[in-house]
Number of protein chains: 2
Amino acid sequence: MEARRIVILTEGHSNPITAKTAVSVLRYRPEEVVALLDSTQAGKTSGEVLGFGGDTPIVASLDDADAPNTLLIGIAPMGGKLPAAWRDIILDALGRGMSVVSGLHDFLSNDQGLVDRAAESGGTIFDVRKNNERDVSHRQGLREDCLRIHTVGHDCSIGKMVASIEVARELERMGHDAKFVATGQTGIMIEGDGCPVDCVVSDFLNGAVEKLILANQHHDILLFEGQGSLAHPRYSAVTAGLLHGCLPHGLIMVYEAGRETINGMPHVPLTPLPKLVEVYETLASIHMPTKLIGVAVNSRLLSPEEADAECQRVSGELGVVACDVFRHGAAPLANAVLELQKELIGSSVASSN
Amino acid sequence: MEARRIVILTEGHSNPITAKTAVSVLRYRPEEVVALLDSTQAGKTSGEVLGFGGDTPIVASLDDADAPNTLLIGIAPMGGKLPAAWRDIILDALGRGMSVVSGLHDFLSNDQGLVDRAAESGGTIFDVRKNNERDVSHRQGLREDCLRIHTVGHDCSIGKMVASIEVARELERMGHDAKFVATGQTGIMIEGDGCPVDCVVSDFLNGAVEKLILANQHHDILLFEGQGSLAHPRYSAVTAGLLHGCLPHGLIMVYEAGRETINGMPHVPLTPLPKLVEVYETLASIHMPTKLIGVAVNSRLLSPEEADAECQRVSGELGVVACDVFRHGAAPLANAVLELQKELIGSSVASSN
């Protein structure tokens with residue numbers, strides 16, 4: 001397959017929150033990104049505007065990018081709808097025979113104008129969220145010595161995917177056979193496989209996630225990316241099905257220090273972490289024991305000193321290790337995973353790596 | 001609109017468990033049903049075979065039914081798939097210009113052969129589960145003096161819909177403005193409105209249920225039909241989204257006495273009721289207080305004396321009123337609803353009816 005040369009579309013939304021897909025692809029697939037496309041920021045660099053991506057140029061048009069072959073939609077707006085103004089840019093890309101990768105709920109392949117343009121020009125549309133999951137879970141055939149870890153959180157967009165990837169990579173660096181299991185569009189774009197769980201018909205959500213276990217349990221340790229929050233008024237169905245589908249032995253709580261209300265719902269306060277841990281452990285432990293093993297603190301709003309203090313505070317509050325995977329590295333959490341592996345599966349597997 | 005003259009298709013599956021849709025339509029819309037269609041039981045009556053529906057005849061062919069205009073798929077199989085042998089019968093009905101009503105996950109309207117036959121003959125296809133829900137919840141604009149009650153349970157197919165309908169009807173008989181809010185295909189077939197929550201894309205499930213509040217809160221009391229169970233390995237996503245979407249003030253626990261394992265999963269034991277109540281109350285109460293107010297015991301496997309004893313036992317165990325809505329009537333549960341209304345909303349509303 002031809003190497004991807006990606007232009008990330010962030011037109012009018014080049015900020016780290018709305019463009020979280022862009023930031024994550026820049027972080028974990030930097031070698032594939034040739035430019036960002038945002039005519040309102042053209043001439044600047046990704047590093048200047050997003051605080052990430054270094055010298056990657058921001059361009060005003062596909063003409064200004066260096067031989068791109070892929071346009072990747074770089075935002076994940078609430079509800080998943082495509083901003084109308086972006087459609088012309090997508091038409092342009094398809095007309096050039098490029099691939100267009102989208103994680104939106106509104107499938108590009110349902111837009112006849114886009115489909116026709118792709119057919120005329122040899123472009124391709126890849127709707128990452130599109131699926132036809134129709135299997136229920138069975139809770140059978142699960143490998144007993146494959147350890148399943150799941151990141152959970154107090155809200156959306158706080159770093160559950162990042163914590164999952166960083167812990168998986170740290171475990172690999174330490175010589176263990178760990179795999180990041182993607183459950184959202186950005187994770188799938190980075191990892192190349194996974195399931196877009198929030199777009200699965202709800203009756204088949206748990207079953208779709210169980211299939212991710214079956215597909216990946218030849219690895220020793222699975223890091224299941226979390227979605228939403230059990231305390232999120234909008235997305236708790238997704239979170240619950242994912243939690244029961246991936247049957248975690250251990251949970252890593254992810255939260256953003258300083259955030260006080262649910263993203264986009266200023267009238268809904270966040271749930272205090274001790275209460276939230278109780279909710280997760282209660283729901284997760286119905287059929288098998290599950291426990292909190294660590295906390296990934298997103299401390300981007302804090303100074304380094306405040307971040308250290310916050311990690312110490314929350315570690316004391318919840319009785320497990322806590323760190324910011326960017327500031328402190330993921331080793332403390334990776335070690336907590338290995339401790340759980342030793343406890344549950346025995347030293348033979350834990351020491352075989 | 002022409003009155004419906006329904007033939008319920010139960011071909012080869014005329015038993016009360018698999019044909020639960022048939023039983024419920026016979027129970028709550030008896031005046032509309034002219035026959036059951038099951039060639040393996042032809043000549044018998046619905047009462048003989050299903051234990052319900054009295055003298056309603058079971059016929060071998062649409063020719064043998066009395067002027068039917070509607071064919072209703074009377075089963076709700078696991079996974080929602082259409083048994084292949086039934087397709088010919090559906091083609092026959094559409095060829096006669098009849099309406100075909102289906103609650104299956106496999107939409108009849110996705111089957112080009114069926115669509116073509118309907119177009120040729122003036123027949124119509126109504127896929128009850130088909131939806132395009134794309135709204136998230138907002139938790140705003142909720143009427144404070146509308147009481148929301150939700151039936152929950154330990155498994156599928158135990159009587160949550162029935163308990164919801166019976167309590168709503170009992171409240172109406174007592175002069176109150178109560179409404180059964182359907183959330184599954186059978187409930188929608190009976191009530192004529194609602195939302196097929198298990199077929200909603202999971203990101204929009206909570207939002208779809210919140211819209212049911214907004215559409216119905218001009219009534220004083222809403223009885224939200226439950227789905228699945230928080231302890232069900234397959235369907236807990238549906239249950240969780242419904243629970244958070246309908247924001248219940250009170251929960252009615254429904255269970256079948258004598259059942260020991262999850263329906264269709266003999267290796268998964270049912271969760272003890274006190275633990276299950278804890279799980280429901282914990283998840284439901286994150287943003288507003290919710291409590292158990294009563295228990296609807298499905299005692300079909302018990303003798304009358306055993307049923308009375310079981311209700312007394314579970315009432316003591318859980319500390320709330322318990323009854324079998326068929327054996328004992330729904331008045332004890334209706335009174336528990338009115339007590340909660342008085343407690344939360346005040347005597348002015350509670351005594352205005």
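Q: How do strand 11 and strand 12 of chain B pair, parallel or antiparallel?
A: Antiparallel, over two bridges. Strand 11 covers residues 261-262 of chain B and strand 12 covers residues 265-269. Keep in mind that this is a predicted model.

Q: Which residue is the bridge partner of Ile262(B)?
A: That's Met265(B), in strand 12 of chain B.

Q: How many bridges join strand 1 and strand 4 of chain B?
A: Four, in the parallel sense, between residues 6-9 and residues 70-73. One pair to click on is Ile6(B) with its bridge partner Thr70(B).

Q: What about chain A, how do strand 4 and strand 5 pair there?
A: Parallel, over three bridges, with strand 4 at residues 70-73 and strand 5 at residues 99-102 of chain A. Leu71(A) has Val100(A) as its bridge partner in strand 5.

Q: And strand 5 with strand 6 in chain A, how many bridges?
A: Four, again in the parallel sense. Strand 6 of chain A runs over residues 124-127, and its Asp127(A) stands opposite Ser102(A).

Q: Switching to the interface. How much area do chain B and chain A bury?
A: About 3,700 Å² between them, with 56% of it on carbon and sulfur atoms. Ser202(B), Asp203(B) and Arg234(B) supply 15% of the area that chain B buries against chain A, more than any other three residues.

Q: How many residues are in contact?
A: 44 residues of chain B, with 45 residues of chain A.

Q: How many salt bridges are there between the two chains?
A: Two. One of them links Asp203(B) to Arg129(A), where the closest N and O atoms are 3.9 Å apart.

Q: And how many residue pairs in polar contact across that interface?
A: The rule finds 26, counting pairs with both residues at pLDDT 80 or more.

Q: Which elements of chain B give two or more residues to the side that touches chain A?
A: Helix 7 (205-216), helix 8 (236-246), strand 12 and helix 9 (273-284) of chain B. Helix 8 of chain B gives the largest share, six residues.

Q: How does that side divide by residue type?
A: On the side of chain B that touches chain A, 20 residues are nonpolar, 15 are polar and nine are charged.

Q: What rotation superposes chain B on chain A?
A: One of 180 degrees, with 0.0 Å of shift along its axis and an RMSD of 0.0 Å. That's the relation of a two-fold axis.

Q: Why say the copies meet through the same surface?
A: Because 100% of the interface residues of chain B are also interface residues in chain A.

Q: Last topic: how many salt bridges over all chains?
A: The whole structure has 44. Among them is Glu278(A) with Lys275(A), at 3.8 Å from N to O.

Q: Where do Glu278(A) and Lys275(A) lie?
A: Both are in helix 9 (residues 273-284) of chain A, three residues apart, which is about one turn of the helix.

How values were computed: Residues are numbered from 1 along each chain as its sequence is written. Chains are lettered from A and ligands numbered from 1 in the order in which they are written. This is a predicted model: local features need pLDDT of at least 70, side-chain atom pairs count only at pLDDT 80 or more; totals for chains, interfaces and linings use all residues. Side-chain values use heavy atoms; hydrogens and water are left out. Two strands pair if DSSP finds at least two bridges between them. Contact means heavy atoms within 4.5 Å. Buried area is the accessible area (1.4 Å probe) that two parts lose on being put together, summed over both. A salt bridge is a side-chain nitrogen of Lys or Arg within 4 Å of a carboxyl oxygen of Asp or Glu. A polar contact is a pair of N or O atoms within 3.5 Å; within protein, one must be able to donate a hydrogen and the other to accept it, and residues adjacent in sequence count only if both atoms are side-chain atoms. Ala, Val, Leu, Ile, Met, Phe, Trp, Tyr, Cys and Pro count as nonpolar, Asp, Glu, Lys and Arg as charged, and the others, Gly among them, as polar. Copies are superposed by least squares on the C-alpha atoms of residues with pLDDT of at least 70 in both.
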